[in-house]
Amino acid sequence: MRKKKLWTSLTLAGFLVTSSVSAQEPLKKVRIAYPDNTICCLPLIAALQWKIFEANGLQAEIIQIRSQIAYPALSSGEVQYVAGVGPASVSATLRGMPSRAVWFATEELIYSLMARPEFQNVKDLRNKKIGLTGIGGTSHVSLQVALEAVGENPKNFVYIGLGGSQQLAALEAGTIEAALLSPPALYFAKKRGFRDLLDVGSRVKMPLGGLTVMVSTLRNRSDELKRVIKSLQSAKQEILKSREKSVALTSSFLKLDRDVAEDTYVVYRKTVSGNGIPTHEGIDQIIKSLQAAGQFTDRKVMFDEVADDRIAKEVAKELGYKVQ
């Protein structure tokens with residue numbers, strides 16, 4: 001498959017394209033795929049915009065690719081890193097891709113099921129179309145688990161894969177009856193009168209965002225991987241510490257008005273705390289969500305089969321976190 005069929009390079013608002021190369025010491029080039037222009041990718045964008053990658057000796061190129069394509073691209077070497085950990089990445093690993101989750105961006109989902117005003121409850125959405133950012137990914141699987149938690153059969157609903165920027169427009173146009181949204185689209189939907197029928201984040205505890213790499217990268221390029229993780233975790237620290245700078249970045253990256261960017265930052269800040277080390281609990285939740293959706297029900301999956309926390313622990317210690 002030719003490269004141009006796999007992805008589109010990020011060109012929005014100067015969010016880059018690539019970092020500059022030091023004249024004295026060439027930076028190590030890395031290519032990182034990310035799923036969508038959503039709040040879960042803020043540490044990646046911050047590391048790029050604030051030149052944290054460069055400070056760690058890296059020339060980073062970030063490329064927007066849907067999860068269905070990102071992991072084949074990772075496996076083939078077209079990209080070296082995927083900025084995501086969730087059902088899609090873990091499923092790819094369990095289906096035979098030699099990859100591991102190595103860093104968590106957040107430890108909690110921020111999703112709600114928003115419906116057109118005429119729908120009063122989740123039951124009313126049976127056999128109706130629900131927009132998701134990706135079939136088989138975190139949004140899809142977490143919604144299925146949440147539906148089961150409130151006594152609904154996930155098979156009674158129709159799921160439509162849409163880009164993050166398309167969901168609200170499709171909801172307004174009536175081409176879908178509901179959508180699973182996260183900030184800032186969640187705020188826009190509420191302001192426009194759409195009804196919040198199900199808080200998915202409160203019912204499904206799993207990471208949102210992170211970093212997945214091939215086992216060969218862990219073995220052969222561990223120093224480079226450590227620099228990538230350190231860049232992302234340092235960016236996350238800076239987001240927590242620097243409100244004004246982070247709100248400005250959120251506004252620019254997600255194309256939000258200042259007040260909406262402020263609200264989005266407040267919610268995001270509650271979920272982004274943590275040292276970035278992949279947790280057994282988080283991985284277990286991903287496995288449970290996949291099994292609840294009917295996948296890998298015939299096997300017991302161990303943490304080490306899908307995750308490797310060693311380098312994230314090294315980085316956390318260097319950045320001053322207490323690590324057991």
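Modeller: One term comes first. Buried means under 20% relative accessible area, exposed means over 50%, and partly exposed lies in between, for a 1.4 Å probe and protein chains only. Thr264 counts as buried because its relative accessible area is 1%. The model is predicted: local features need pLDDT of at least 70, side-chain atom pairs count only at pLDDT 80 or more, and totals for chains, interfaces and linings use all residues. Residues are numbered from 1 along each chain as its sequence is written, and side-chain values use heavy atoms, with hydrogens and water left out.

Where does Thr264 sit? Its place is in helix H11, which covers residues 258-272. Helices (H or I, at least four residues) and strands (E, at least two) are DSSP runs, numbered from the N terminus. What does Thr264 touch, leaving aside neighbours within four places in sequence? Its contacts are Ile39, Pro183, Pro184, Tyr187, Thr250 and Leu256. Contact here means heavy atoms within 4.5 Å.

Two of those partners deserve a stop. The peptide bond from Pro183 to Pro184 is cis. Its omega is near 5°. Most peptide bonds are trans, and most residues other than glycine have a negative phi. Pro184 belongs to the loop between E9 and helix H7 (185-191). Thr264 of H11 therefore has both prolines of this cis bond among its contacts, while being buried at 1%.

Lys255 lies between helix H10 (243-254) and H11. Its phi is near 60°, a positive value in a residue other than glycine. Lys255 is exposed because its relative accessible area is 56%. Lys51 also has a positive phi, near 60°, and is not a glycine. Lys51 is found in the loop between helix H1 (42-49) and helix H2 (52-55). At 48% relative accessibility, Lys51 counts as partly exposed.

A salt bridge is a side-chain nitrogen of Lys or Arg within 4 Å of a carboxyl oxygen of Asp or Glu. How many does this rule give? The count is 21. One of them joins Lys129 and Glu177, whose closest N and O atoms are 3.8 Å apart. This pair links distant parts of the chain, 48 residues apart. Lys129 is in strand E7 (residues 129-132), while Glu177 is in the loop between helix H6 (164-173) and strand E9 (178-181). Lys129 is partly exposed, at 30% relative accessibility. Glu177 is buried, at 14%.

Asp308 and Arg310 form another bridge, at 2.6 Å from N to O. Asp308 is buried, at 12%, whereas Arg310 is exposed, at 54%.

A further bridge pairs Glu318 with Lys230, at 3.7 Å from N to O. Glu318 lies in helix H14 (residues 310-318) and Lys230 in helix H9 (residues 222-241), so the bridge ties together parts that are 88 residues apart in sequence. Both residues are partly exposed: Glu318 at 43% and Lys230 at 26%. Lys226, Lys230, Glu314 and Glu318 are linked in a salt-bridge network.

How do H9 and H14 meet? Their axes come within 9 Å and cross at roughly 55°. Axes are lines fitted to C-alpha atoms, for helices over the stretch in contact, and angles run from 0 to 180 degrees between N-to-C directions. Angles under 35 degrees count as roughly parallel, over 145 as roughly antiparallel, 65 to 115 as roughly perpendicular, and the rest as oblique. H9 and H14 are therefore oblique to each other. H9 contributes Ser222, Leu225, Lys226, Ile229, Lys230 and Gln233 to the contact, and H14 contributes Ile311, Ala312, Glu314, Val315 and Glu318.

Val141, Val145 and Glu148 of H5 meet Ser289, Leu290 and Ala292 of H12.
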